[in-house]
Amino acid sequence: MIKTTVSSLLSTLAVTGATLGLVTAPLPALAQNAAQPAPAPTVSNPLGIPDNITMLGETDPNMRRATAVVNGTVITGTDVDHRVALVSAASQNAISDEEMVRLRMQVLRNLIDETLQIQAAALQEITIGAPEVNQSYQRLAAQNFGQNTEAMDAYLLSIGSSPASLKRQIQGELAWQRLLRRNIAPFVNVSEEEVNDIMKRLEESRGQDEYRIGEIYLSATAETDAAVQQNAARIMQQLREGGSFVAYARQFSEASTAAVGGDLGFVRLATLPPEMATAAQSMQAGQLTGPIKIPGGYTIMYLIDKRQVLTADPRDAVLSLKQISISFPEGVTEEAAGQQVEAFTQAVGTIRGCGDAERAAQTVGAEVVTNDQLRIRSLPEQLQATLLQLQVGQSTPPFGSIAEGVRVLLLCGRDDPEANDGPSFDQLMSRMEDERINKRAQRYLRDLRNDAYIEYN
């Protein structure tokens, strides 16, 4: 256990040297440093740490094994391995050895926080039983594996993780949420006047843009700022290399939105910290940016979607489409493919309404597929603007390639979205309460860290 203090280490060195009649090398250096008084604390150096220091013991923190005992609860290397495997599986690219070391240390810190949260809940006689955890586990299986928990079990084992590791994470999230509802939520108040004021401002901002943002928030203090910024930059790099934003948000974000993959929902820029609002203005849907320094730490932002306040979004229109497509034989030349596309385009141009699609398709050996419940926003962004301009009976220009085939979309019907009246009074009050609970929860967790007794192996 790493529990040795500087004073006890100096004492041990002195006793050992005197007993064996040896003069050890570190002692003169230590004595020389001791002769120089430590600097007085200043604004830039609040702890009064000298510029030149002598490290007593291990100087490479990456060589420390990633295991710990948190107030008597053991976090094993296997616990870290299994949780790292969950994060690694969400990344499409291989993680380098150097990044893996950093990832393991970050996961260890997350496991320590999770342990503190479970312990704090237990002290308040809040326990999350196996039936409740299993119920949440089964819901995840239903979302990802068609209610087949055995398939999810097998997947977790195949990536080097385990069902027990994911269930432990579920237990921590449920315990922390319940603790916050008991200890913090009852003391968070949002008045009717505040909600009415927000609703009034919403109405005044009708037609303005609002943004659906994903966040990964990492808290930082003056002492940890540099390290947190570096860690945020590493997460950002891994996301750019194909990592899942939702998975990384669940594992690393310290905001309450971590449980939902970092999804803030639709927000107006005025409700965001100025630094985030400025960044969001220049982002396009699907874009990632960060780390951005904000009060209390750093955030990584992902713009999920964008729409206008209290205005029906035309991309929510539900379309009835017919897809008409042709494919090319293997080894076809560009010239032959070009002739086939030209014949296909001419055939599509003869279509007179959706009922005529099959007739035209047969003339060039094309295939027709019908879909009557397709939202515009679910289609590739390049097609959305084109479809919004079509009238019923019209088709898009041909698109595709020799490898993928060439196709057109024929618009057969459209149900336009209803006007968006915005969040209700209760929804808005709940959202404001959640924001305030989240801020207090961050302070609560910081206090738990400060009071914890943690031993590293």
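Is F252 buried or exposed? F252 is buried, with a relative accessible area of 1%; buried means under 20%, exposed over 50% and partly exposed in between, with a 1.4 Å probe and protein chains only. The model is predicted, so local features need pLDDT of at least 70 and side-chain atom pairs count only at pLDDT 80 or more, whereas totals for chains, interfaces and linings use all residues. Residues are numbered from 1 along each chain as its sequence is written, and side-chain values use heavy atoms, with hydrogens and water left out.

The protein contains 15 helices and 11 strands. These elements are DSSP runs numbered from the N terminus (helices: H or I, at least four residues; strands: E, at least two). Of its 457 residues, 37% count as buried. Among contacts (heavy atoms within 4.5 Å) between residues at least 6 apart in sequence, 72% join residues at least 24 apart.

Aromatic pairs number 4. Rings of Phe, Tyr and Trp (its six-membered ring) pair if their centres lie within 6.5 Å; planes under 30 degrees apart count as stacked, over 60 as edge-to-face and the rest as tilted. One of the pairs is F145 and Y155, which is tilted, at 5.8 Å centre to centre and 45 degrees between the planes. F145 belongs to helix α5 (residues 130–145) and Y155 to helix α6 (residues 149–158), so the pair ties together parts 10 residues apart in sequence. F145 is partly exposed, at 30% relative accessible area. Y155 is also partly exposed, at 37%.

Y248 and F252 form another tilted pair, with 5.5 Å between centres and 55 degrees between planes. Both residues lie in helix α10 (residues 245–252), 4 residues apart, about one turn of the helix. Y248 is buried, with a relative accessible area of 0%.

Charges also sit over rings (NZ of Lys or CZ of Arg within 6 Å of the ring centre and within 35 degrees of the ring normal). The charged end of K167 sits over the ring of Y137, 4.8 Å from its centre. R307 lies over the face of F266, at 3.6 Å from the ring centre.

V309 lies in the loop between β6 (297–308) and β7 (318–326). V309 is buried, with a relative accessible area of 1%. Its contacts beyond four places in sequence are L202, S205, R206, G207, Q208, D209, E210 and R268. V309 and E210 are 99 residues apart in sequence, yet 5.9 Å apart in space, C-alpha to C-alpha.
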